[in-house]
2 protein chains.
Amino acid sequence: MTVDRGTRPSRRAVSPTRSSGEVRGPGDATADDAARPVPGATVARLAVYLRVLTSLLDQGRGTVSSEELAAAAGVNSAKLRKDLSLIGSSGVRGVGYDVSRLTAEVEATLGLTRPHAVALVGVGNLGHALAGYGGFAQRGFPVAALFDVDPDLVGTTIAGVEVEHVDAIGAVCAARGVTIGVVATPAPAAQPVCDALVAAGVRSILNFAPTVLAVPAGVEVRKVDLAVEMQVLSFHVARRHGTVPAARPSPSTAGAAPREAVTR
Amino acid sequence: MTVDRGTRPSRRAVSPTRSSGEVRGPGDATADDAARPVPGATVARLAVYLRVLTSLLDQGRGTVSSEELAAAAGVNSAKLRKDLSLIGSSGVRGVGYDVSRLTAEVEATLGLTRPHAVALVGVGNLGHALAGYGGFAQRGFPVAALFDVDPDLVGTTIAGVEVEHVDAIGAVCAARGVTIGVVATPAPAAQPVCDALVAAGVRSILNFAPTVLAVPAGVEVRKVDLAVEMQVLSFHVARRHGTVPAARPSPSTAGAAPREAVTR
DNA sequence: TTTTGTGAATCCTTTCACAGCG
DNA sequence: CGCTGTGAAAGGATTCACAAAA
């Protein structure tokens with residue numbers, strides 16, 4: 001069940017002058033930590049596997065085969081096995097993987113064994129929704145700080161956290177040990193906010209603003225861009241209908257107004 | 001041009017695996033479109049280029065070099081030129097690309113020359129924020145319908161659109177010519193909702209629910225998964241503890257940012 | 001000269017397919 | 001047997017680097 005069909009693999013872009021490549025650090029002989037390769041594409045999938053695994057745990061399942069886990073995660077089983085072998089997992093041939101053990105291994109690899117304080121900047125429409133979403137804290141990402149520039153918002157409390165002025169980003173993030181910053185501001189404010197976060201020591205940023213953020217090497221930026229997603233879907237719609245207007249039975253002039261398509 | 005490529009059998013009648021690859025399309029040639037492959041990775045970047053281009057248009061810029069456009073989009077200039085050559089663009093050597101013309105070409109490729117009616121299902125925390133976000137309509141994606149199961153929400157109006165019961169998805173989407181569906185429901189409701197959308201003829205879906213959607217071949221699903229994004233960042237935070245803090249002037253490899261996914 | 005367009009090399013992922021362990 | 005782990009093959013995507021056009 002749940003065999004997926006058209007999900008896309010990851011993509012990347014962003015970051016001027018350096019595209020990412022991998023995730024391992026350019027380590028210098030650190031005797032302590034064995035250098036692990038773990039491809040970026042694999043990391044993203046591990047999070048998906050983890051979701052399925054926790055679900056299986058709740059169901060009390062003891063083991064899973066790569067085939068089943070892969071199907072539930074919407075990927076090829078060979079890919080899943082390779083992903084798991086990369087993080088040093090060990091399944092049992094002829095049996096499968098131990099659910100609880102694998103869950104622990106994936107969590108450890110993703111660094112989920114301890115919480116990561118998050119700072120959310122921009123409590124507008126989307127930001128407010130994100131702050132109000134309880135899933136953050138539950139999944140190990142406590143929202144330690146909220147920021148905005150709007151005087152009407154600064155001072156208010158959302159989900160138990162007070163909104164502070166963006167000018168306090170530096171001091172507050174450093175003081176509360178924020179390691180992940182979420183930018184949900186309008187595009188023009190994103191870069192300055194990003195700079196402030198980086199200056200405060202934040203090395204991982206999730207950007208919801210429709211703009212490309214420039215960051216120094218060593219800072220990881222992931223982007224969630226609604227416009228891009230919609231436009232990619234638009235491309236597919238256009239592909240399947242060609243250029244001819246969709247000839248669906250009974251269009252009968254319903255809703256869709258003929259506006260101009262200005263994507264900006 | 002186009003065609004040839006002896007290595008690709010391109011036809012996989014049996015294989016159910018079609019995910020990702022590319023998005024080739026039987027073009028219809030309306031003005032400048034010939035049947036072209038257009039890699040999936042390229043499509044996603046075109047949307048980013050478009051944003052920069054419209055910005056340049058507003059500034060009254062007449063031309064841009066691949067170097068400048070690439071820098072603003074956060075990509076390598078060679079990649080940008082290759083992307084543009086794939087959609088059949090034509091810059092002028094020694095000069096650059098005509099901003100308005102290129103903008104039109106990119107919009108045409110992405111199918112943005114006409115609006116795509118969108119149906120948003122799930123008007124909860126996130127869904128409400130999305131519905132309230134005016135960017136949709138402005139960018140050519142008018143929200144033609146809103147759905148939810150909550151009796152308290154059904155009947156209310158958000159941003160000028162009435163919220164209807166999910167049971168009406170089939171009828172309403174077909175009647176209003178919805179081509180893109182946005183799923184912002186809790187995980188358990190996502191699959192049924194997805195099925196309803198597909199049954200209504202929707203072939204492109206943006207999924208914000210933290211679950212893998214199973215869809216028949218021909219339906220494109222893109223996922224925005226907040227949990228995955230946060231966990232990938234967590235991985236990077238954890239990584240940083242094993243490597244040398246600083247003292248590294250040389251960049252060599254740095255983080256990249258896979259685009260894609262996640263929510264809730 | 002400047003800047004595009006693009007073959008060719010390189011790198012990253014995915015998929016195949018099978019050896020081998022339980 | 002069933003199922004994992006993985007070398008090897010196959011694709012894609014990115015980058016290089018340079019010839020050609022304006």
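This is a predicted model: local features need pLDDT of at least 70, side-chain atom pairs count only at pLDDT 80 or more; totals for chains, interfaces and linings use all residues.

Colleague: Nice. Where does A:N125 lie?

Modeller: A:N125 is part of helix α5 of chain A.

Colleague: And which residues is A:N125 in contact with, leaving aside neighbours within four places in sequence?

Modeller: Those are B:A129, B:G132 and B:Y133.

Colleague: Which residues does the UniProt "binding site" annotation cover?

Modeller: According to the unreviewed UniProt entry, A:G122, A:V123, A:G124, A:N125, A:L126 and A:G127.

Colleague: Okay, take A:G122. Is A:G122 buried or exposed?

Modeller: Buried, because its relative accessible area is 6%, which is under the 20% cut-off. A:G122 sits in the loop that links β4 (118-121) to α5 (125-132) of chain A. Not counting residues up to four places away in sequence, A:G122 touches A:G127, A:F147, A:D148, A:A184 and A:T185.

Colleague: Switching topic: which strands pair with β9(A)?

Modeller: Strand β8 (residues 180-183) of chain A runs parallel to β9(A), with four bridges joining them. β10 (residues 220-223) of chain A also pairs with β9(A) in the parallel sense, again over four bridges.

Colleague: What are the partners of A:N207 there?

Modeller: A:V183 has A:N207 as its bridge partner, and A:K223 in β10(A) stands opposite A:N207.

Colleague: What about the faces of β9, covered or open?

Modeller: Both are covered: A:S204 and A:L206 on one side are buried, and so are A:I205 and A:N207 on the other.

Notes:
Residues are numbered from 1 along each chain as its sequence is written. Chains are lettered from A and ligands numbered from 1 in the order in which they are written. Side-chain values use heavy atoms; hydrogens and water are left out. UniProt positions are given in the numbering used here, feature names are shortened, and annotations may be inferred rather than shown by experiment. Helices (H or I, at least four residues) and strands (E, at least two) are DSSP runs, numbered from the N terminus. Buried means under 20% relative accessible area, exposed over 50%, partly exposed in between (1.4 Å probe, protein chains only). Contact means heavy atoms within 4.5 Å. Two strands pair if DSSP finds at least two bridges between them.
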